[in-house]
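I opened this notebook to record what I looked up in one structure. The entries follow the order in which I consulted the model.

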Amino acid sequence: MRGWLFAICLVVSSGAAFAQEAPKDDKKTAEIPDPSTFASDHTLRLKETTIKYKTVASETYLRDEKDEPMASIFSVSYVRDGLNDATQRPVTFVFNGGPGSASLWLHMGAFGPKQVITPSDAEGVGAPPYTIRDNQNSLLDVTDLVFIDPVGTGYSRPLGDTEGKEFYGVNEDAESIAEFIRLWLTENGRWNSPKFLAGESYGTTRAAALTEKLQGGWNGIGLNGVILISAILDFQTARFAPGNDTAHLSFFPTEAAIAWYHGKADKAKWNNDFAAFVIDARTYAIETLAPALIRGSTLSDAEETQIANEMSAYLGVSAEWIKLANLRVDPTRFRKELLRREGYTVGRFDGRYKGIDSEGTSDMPENDPSGYGMDVAYVAAINDYLTRELKVDFTRPYKVLTGEPGSQWNWDMNNRGWPSYVNVTPWLGKGMRENPDLKVLLASGWYDLATPFFGAEMSLYKNGVVLDRVQFDYYDAGHMMYLKEKDGEKLSQDVRDFIEAAH
């Protein structure tokens, strides 16, 4: 489709052999089986309506210019039956992030026809069996759904002599998913359907990149909407490196919100009004903390002490500790410090969760209680659902969140060769300016210390984004806001309303 498709076809030779085609490895090609498809028919009682739909769990092969398979992308598609004109029916392509994560989280937690149930109060799921039920938050009443596992995740994998790293990168990943979407639209006759992208975490990075890969050029695929769930668009807002104070500003309101949740912020100062508190935390980050961090060591001791005391009222940790940190509160250390005297750490993906470490003097948590508190239920649910209900009979493991893609990821999105922070927001802004109908939804949890809400806001407030076509929605949970039942319902309704309004 783009560079990665062409690069695979180049042959470097010398002498008389230069003009000759490289010999075809028939043995290697013969080892690649035909793509597998597992189709079945189902019904779902959703909002007092019985929906009949076809499920297709299948492999799609990406091919080079010689029509040789390069990679297999596994997806699960849900297409509603009985429609007179399928072209009027929206289709939403859904993926998670990582990079290196399969799509099970949004699939089994948010939008698919089946849902695994987790405690809403941020307690761990414990041991199996887990409850898997028909999902009343599914979006099948308003859109067909295609859940995509990028190469190296789920059942998706490179094929033949192709290496995974050819798909591991900001551009490489987006181009492979764009090619998958093109093939899916062609094979299903849906080129004229309204089209939406829905990504979570790094999936929002992918979604923004896809607006460029899909809409750019003369072979463009127009989009109606982009749904950003727990967004990370400009990585400068989330990378804690010396000299990068943007990340500290980005995380401050989320740290404050988590302190409020655990009763550590000075609630009386804000008359127990959380909404006013969060607004004030944003303002404080911009108007007070940002100038202080810029001034650095030129602040007087009295000024630094005053700011540390003010931050302590927001963050619920001591002013002395904040001052020792030079006013720069690292979120990982914050997770350990906030409830240290109660014997707990707090979660990264969801600061509502509490964990117990083996000892209390470390400056880093042992693990993330919002990760191990729910992941086993999702892993059990996706494997049970695919193998038992959809009859997918692969014996290779379903890779949930593997470090392989992330460890080899090419973060050079502009191919300039010099160090820079990844920022895909300009691509999203360009897509909105060139497509006057393209709308964006940002869904953020207050307690998300992985992709904080203020960082996403900061990214969207600039970079050429058309703000009057951006919908901002917030939730009383963390990165995976659908872990909390009421917020899962709210997310579903917010996205449903967005899709209905955007086509």
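I worked from a predicted model, in which local features need pLDDT of at least 70, side-chain atom pairs count only at pLDDT 80 or more, and totals for chains, interfaces and linings use all residues. Residues are numbered from 1 along each chain as its sequence is written, and side-chain values use heavy atoms, with hydrogens and water left out.

**Entry: cis peptide bonds**

I looked up Pro99 and placed it in the loop between strand E4 (91-95) and helix H3 (104-111). Gly98 and Pro99 are joined by a cis peptide bond, with omega about -5°. I noted a cis bond between Pro128 and Pro129 as well, with omega about 5°. Pro129 sits in the loop between strand E5 (114-116) and strand E6 (132-134). I noted these bonds because most peptide bonds are trans, and most residues other than glycine have a negative phi.

**Entry: positive phi**

I found Lys47 with phi near 55°, a positive value in a residue other than glycine. Lys47 lies in the loop between strand E1 (37-46) and strand E2 (49-63). For exposure I used relative accessible area: buried is under 20%, exposed is over 50%, and partly exposed is in between (1.4 Å probe, protein chains only). Lys47 counts as partly exposed because its relative accessibility is 43%. Asn271 also has a positive phi, near 55°, and belongs to the loop between helix H6 (246-261) and helix H7 (274-295). Asn271 has 68% relative accessibility and therefore counts as exposed.

**Entry: the chain as a whole**

I recorded 16 helices and 14 strands in the protein chain. Of its 503 residues, 56% count as buried. The C-alpha atoms fill a box of roughly 75 × 65 × 50 Å, taken along the principal axes.

**Entry: the largest pocket**

I then turned to open space in the model. On a 1 Å grid over the protein atoms alone, a cavity is a set of points where a 1.4 Å probe fits but cannot get out, and a pocket is an open set with protein on both sides within 12 Å along at least five of seven lines; lining residues have an atom within 4 Å of a point. Grid points are joined across faces, edges and corners, and a volume is the space filled by probe spheres set on the points.

The largest pocket has a volume of about 680 Å³. It is lined by 31 residues, and the closest to its centre are Gly98, Ser201, Arg348, Phe349 and Ala450. Strand E9 (195-201) and helix H10 (331-337) are the elements that give two or more residues to this lining. H10 gives the most, with 3 residues.

**Entry: the largest cavity**

I counted 4 cavities of 30 Å³ or more. The largest cavity holds about 50 Å³ of space. Its lining has 13 residues, of which Gly100, Pro150, Val151, Arg206 and Trp409 are the closest to its centre.

**Entry: helix H14**

Which residues of helix H14 (residues 425-434) are buried? I listed Thr425, Trp427, Leu428, Gly429, Gly431 and Met432.

Key. Helices (H or I, at least four residues) and strands (E, at least two) are DSSP runs, numbered from the N terminus.
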